[in-house]
Amino acid sequence: TKATPDKGLIRLLMCMGEAIRTIAFKVRTAACGGTQCVNSFGDEQLAVDLLANKLLFEALTYSHVCKYACSEEVPELQDMGGAAEGGFSVAFDPLDGSSIVDTNFTVGTIFGVWPGDKLTGVTGRDQVAAAMGIYGPRTTYVLALKGFPGTHEFLLLDEGKWQHVKETTEVGEGKLFCPGNLRATADNPAYEKLIQYYVREKYTLRYTGGMVPDVNQIIVKEKGIFTNVASPSAKAKLRLLFEVAPLGLLIENAGGYSSDGTQSVLDKVISSLDERTQVAYGSKNEIIRFEKTLYGSSRLEEPVPVGAAA
């Protein structure tokens, strides 16, 4: 309520918080065997990612302020019955990392909230809020609201309440790297060069393969870089709408930076629901290094004044 006077947005974020709390329980008590993890949903047994998907759609319908919702599971607009005028549209990845639930690695939910009834022809910068639900040793709800400083972490307590435990407003420099899609280094020499730099400079490698915890650590540790770079043989697979743009708002609100190689991911127009992109998130100097190594220059570098010594 401090962050926004918009009662509809508050209601939507509270409903999503309820869903995240239920998903946390369903993930924690899932039965894993063979290729998937399942749990009960009413009378049926469902894979946990589909179960999360249903819970989030239910929460958005119940909020009465959501016009359209769209899930990475089924990338088509679903009418949630809310008003377009003064209402919201939400895109979400219900359970990012669902294939590593059985290993007990951290997984999470990602969502972005856009005003009105459009999820294409918009940018990440148009989001009014973005969040992650993180299911690890602790369950947390990490939120950013447009125009309100900081990215905020809420911890799920034993009694089921959310407690505000951390606010991040700055991402500083520090030698922590998290390199996704490493197979792209085989035929992207610039990415190979960047990775070699991290190794040579003795950066700490901390990468789980779950995008939610891997990006969240930059917000929590307030340092580091996450990269997921494409190459001719290893195409970009992260979706701009469901993952990259919402995490972009969380990182940039926390004082960090994002890039697709040439611009902030928040400035990329989302032309289709399934659009994919390469991405980096991190501190300012790390994003400058990322852009310069991949493309020779960075928009974030201070121009050298004319006449200054090189």
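## The disulfide

Which hand does the link of C32 and C37 have? The link is right-handed, with 110 degrees about the S-S bond. Keep in mind that this is a predicted model, so the geometry here is computed from it throughout.

A disulfide is a covalent bond between the sulfur atoms of two cysteines. Here C32 is joined to C37, and the S to S distance comes out at 2.0 Å. If you go looking for others, a search of the whole structure finds one disulfide.

## Two annotated domains

The UniProt record, an unreviewed entry, carries the annotation "domain: Fructose-1-6-bisphosphatase class I N-terminal" for residues 9–167. Over residues 9–167 the chain is 23% helix and 42% strand. The end C-alpha atoms of that stretch sit 20 Å apart.

The unreviewed UniProt entry also has "domain: Fructose-1-6-bisphosphatase class 1 C-terminal", covering residues 173–293.

## Helices α3 and α6

Two packed helices are described by the angle between their axes and the distance between the axes. Take helix α3 (residues 189–200) and helix α6 (residues 284–295): their axes come within 8 Å and cross at roughly 140 degrees. That angle makes α3 oblique to α6, because only angles over 145 degrees count as roughly antiparallel. As for handedness, α3 passes α6 in a right-handed crossing.

Who does the touching? On the α3 side, the contact is made by A190, Y191, K193, L194, Y197 and Y198. On the α6 side, E286, R289, F290, T293 and L294 take part. Sorted by type, the residues of this contact of α3 with α6 come out as seven nonpolar, one polar and three charged.

## Helices α4 and α5

Now for another pair. Helix α4 (residues 211–221) packs against helix α5 (residues 240–253) at an angle of about 15 degrees, with the axes 10 Å apart. α4 and α5 are therefore roughly parallel to each other, since angles under 35 degrees count that way. The crossing of α4 and α5 is right-handed.

From α4, the contact uses M211, V215, I218 and I219. From α5, the residues are E243, L247, L250 and I251. The contact of α4 with α5 divides into seven nonpolar residues, no polar ones and one charged.

Key. Residues are numbered from 1 along each chain as its sequence is written. This is a predicted model: local features need pLDDT of at least 70, side-chain atom pairs count only at pLDDT 80 or more; totals for chains, interfaces and linings use all residues. Side-chain values use heavy atoms; hydrogens and water are left out. Axes are lines fitted to C-alpha atoms, for helices over the stretch in contact, and angles run from 0 to 180 degrees between N-to-C directions. Helices (H or I, at least four residues) and strands (E, at least two) are DSSP runs, numbered from the N terminus. Angles under 35 degrees count as roughly parallel, over 145 as roughly antiparallel, 65 to 115 as roughly perpendicular and the rest as oblique. A crossing is left-handed if the near helix is turned anticlockwise from the far one by less than a right angle, and right-handed if clockwise. Contact means heavy atoms within 4.5 Å. Ala, Val, Leu, Ile, Met, Phe, Trp, Tyr, Cys and Pro count as nonpolar, Asp, Glu, Lys and Arg as charged, and the others, Gly among them, as polar. UniProt positions are given in the numbering used here, feature names are shortened, and annotations may be inferred rather than shown by experiment. A disulfide is a pair of cysteine sulfur atoms within 2.5 Å.
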